[in-house]
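Morning, everyone. Let me put one model on the screen and talk you through it.

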Amino acid sequence: MLEKKIFDYLNSHLSEQRYIHTLAVRELAVKLAENYNLDVFKASVSALLHDCAKNMPLEEMKKYILKNNLKIKYFDFIIKYLPQVLHSYIGADIAEKKFGIKDREILNSIKNHTVGRINMSDYEKVLFVADSLSADRKYKKSFVSKKLMYENLHETFKLVLQNKMKYVISNFGLLHPDMVSIWNSCIKCVII
């Protein structure tokens, strides 16, 4: 029942390309969840809703954030330099308010699928990885082997994070301040 409501919502709120991407992310997230003995339903729902606000125009996003009193860390910075990540915060709010989802693992997965956070759960890592490595992505994914993706979720997450950061830097973009902290946290765990 919940998934039907979600599909109906996605059909009316996403472009065809974004819908195809969402299905590809769901497919990979479910495979990863099965592989890592995680709840497949949680992985599926978070993947389906991860981009539910992606096609919302920026002005509409701003209105939504104000109307719903969303607290977004670094909001002024994000609005000015990284508005493309706003959909993750709004998506988590839509999941909770429109679809009645209270599960923190699902909501955190949606909220953190673009930037990440320190001490991400396995569910959050699954969505972060699936979003970047889904079959519909056109760029080369050779920076992560399929073998590694199914053997070590944490190492795969680090490589995906590193690749995202390289992409932003190579395009002279600004990194979200939390990405630097997340990266340092990942490396610190290896060094200690």
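Is K42 buried or exposed? K42 is buried, because its relative accessible area is 17%. Buried means under 20% relative accessible area, exposed means over 50%, and partly exposed lies in between, with a 1.4 Å probe and protein chains only.

Some ground rules. This is a predicted model: local features need pLDDT of at least 70, side-chain atom pairs count only at pLDDT 80 or more, and totals for chains, interfaces and linings use all residues. Residues are numbered from 1 along each chain as its sequence is written, and side-chain values use heavy atoms, leaving out hydrogens and water.

Back to K42. K42 sits in helix α3, residues 40–49. Its side chain makes a polar contact with the side chain of E105, at 2.5 Å. A polar contact here is a pair of N or O atoms within 3.5 Å; within protein, one must be able to donate a hydrogen and the other to accept it, and residues adjacent in sequence count only if both atoms are side-chain atoms. Leaving aside residues up to four places away in sequence, K42 touches D103, E105, I106 and Y123. Contact means heavy atoms within 4.5 Å.

Now the whole protein. There are eleven helices and zero strands. Helices are DSSP runs of H or I, at least four residues; strands are runs of E, at least two. Its C-alpha atoms fill a box of roughly 45 × 35 × 30 Å along the principal axes. Of the 192 residues, 48% count as buried. Take contacts between residues at least 6 apart in sequence: 63% join residues at least 24 apart.
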